[in-house]
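Open the model in your viewer and keep the selection panel at hand. The tour goes from one selection to the next.

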Amino acid sequence: MQADERSALETALMYFRNAAPKHTADEEDSLFPRLRAAESAVECLDRLEGDHQAASRDHEIVDSLGMQWLRDGTLTGEQTREMREALERLAGLYARHIAIEDTELFPLASQVLPADQLAEVGREMADRRGVATGAGSKMGR
């Protein structure tokens with residue numbers, strides 16, 4: 001593995017190790033509980049939560065095999081196939097997941113949740129990332 005390939009793999013693994021759990025928390029800890037009261041949201045939320053569980057399993061596979069690849073410099077043919085399949089599942093899952101968010105979840109949230117709750121969701125998301133959002137955020141105090 002070349003130095004630039006190694007760096008790219010390390011960067012990708014670190015990004016998903018950090019970004020995926022924050023995205024899941026954004027939805028499952030901040031947005032979904034506020035939307036659960038809306039009966040029209042339940043099916044959508046269930047599908048997205050299922051996506052989070054499936055993505056987590058595939059992220060674990062990719063992370064484990066990616067770390068092994070970095071450590072050993074190679075993967076077996078079976079490991080390469082397993083990693084490729086996990087990455088393909090993730091690509092398909094994220095394409096569907098983002099489409100559901102854009103066409104169902106976010107429009108529903110903007111219709112059902114009052115502005116102050118949407119703002120609080122935004123503050124919670126920013127806090128997870130250590131981004132100051134003003135007087136109401138933990139970072140802004």
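At roughly what angle do the axes of α1 and α3 cross, and within what distance do they come? Select both helices. The model is predicted. The axes of α1 and α3 cross at roughly 35° and come within 12 Å. The crossing of α1 past α3 is left-handed.

**Stop 1: the α1 and α3 contact**

Show side chains here. On the α1 side, pick Ala20, His23, Glu27, Leu31, Phe32 and Leu35. They meet Tyr94, His97, Glu101, Leu105, Phe106, Ala109 and Val112 of α3. By class, this contact of α1 with α3 has nine nonpolar residues, two polar and two charged.

**Stop 2: phenylalanine 106**

Stay on α3 and select phenylalanine 106, which lies in that helix. Is phenylalanine 106 buried or partly exposed? Its relative accessible area is 39%, so phenylalanine 106 is partly exposed. Now list its contacts, leaving aside neighbours within four places in sequence. Phenylalanine 106 then touches Leu31 and Glu101. Draw a distance from phenylalanine 106 to leucine 31. Their C-alpha atoms are separated by 9.7 Å, while the two residues sit 75 residues apart along the chain.

**Stop 3: histidine 52**

Jump to helix α2 and select histidine 52. Its relative accessibility is 7%; the cut-off for buried is under 20%, so histidine 52 counts as buried. Which residues does histidine 52 touch, not counting those up to four places away in sequence? Show His23, Thr24, Glu27, Glu28, Phe32 and His97. Among these, His23, Glu27 and Phe32 also belong to the α1 side of the contact with α3, and His97 to the α3 side.

**Stop 4: α2 against α3**

Select residues 42-72 for helix α2 and residues 77-112 for helix α3. The two pack at an angle of about 150°, with axes 9 Å apart. Antiparallel here needs an angle over 145 degrees, so α2 and α3 are roughly antiparallel to each other. Their crossing is left-handed. Colour the contact by residue class. The contact of α2 with α3 has 17 nonpolar, six polar and six charged residues.

**Stop 5: α1 against α4**

Next, select residues 3-35, helix α1, and residues 115-128, helix α4. Their axes come within 10 Å and cross at roughly 155°. α1 and α4 are therefore roughly antiparallel to each other. Which hand does the crossing of α1 past α4 have? It is right-handed.

Show the side chains of both partners. From α1, take Lys22, Ala25, Asp26, Asp29, Ser30, Leu31 and Arg34. Facing them in α4 are Gln117, Glu120, Val121, Glu124, Met125 and Arg128. The residues of this contact divide into four nonpolar, two polar and seven charged.

**Stop 6: the whole chain**

Zoom out and switch to cartoon. The protein chain has four helices and zero strands. Read from the N terminus, its elements run α-α-α-α. The radius of gyration is 18 Å, well over the 14 Å that the globule rule gives for 141 residues, so the chain is more spread out than a compact globule. Along its principal axes, the C-alpha trace spans about 50 × 35 × 20 Å.

Finish with a surface view. Of the 141 residues, 30% count as buried. Among contacts between residues at least 6 apart in sequence, 66% join residues at least 24 apart.

Notes:
Residues numbered from 1 in each chain as written. Predicted model: local features only at pLDDT ≥ 70, side-chain atom pairs only at ≥ 80, totals over all residues. Heavy atoms only, no water. Axes fitted to C-alpha atoms, helices over the stretch in contact; angles between N-to-C directions. Parallel < 35°, antiparallel > 145°, perpendicular 65-115°, else oblique. Left-handed = near helix turned anticlockwise from the far one by under 90°. Contact = heavy atoms within 4.5 Å. Nonpolar A, V, L, I, M, F, W, Y, C, P; charged D, E, K, R; others polar. Rg over C-alpha atoms; globule rule 2.2 N^0.38 Å. Buried < 20%, exposed > 50% of the residue type's maximum accessible area, 1.4 Å probe, protein only.
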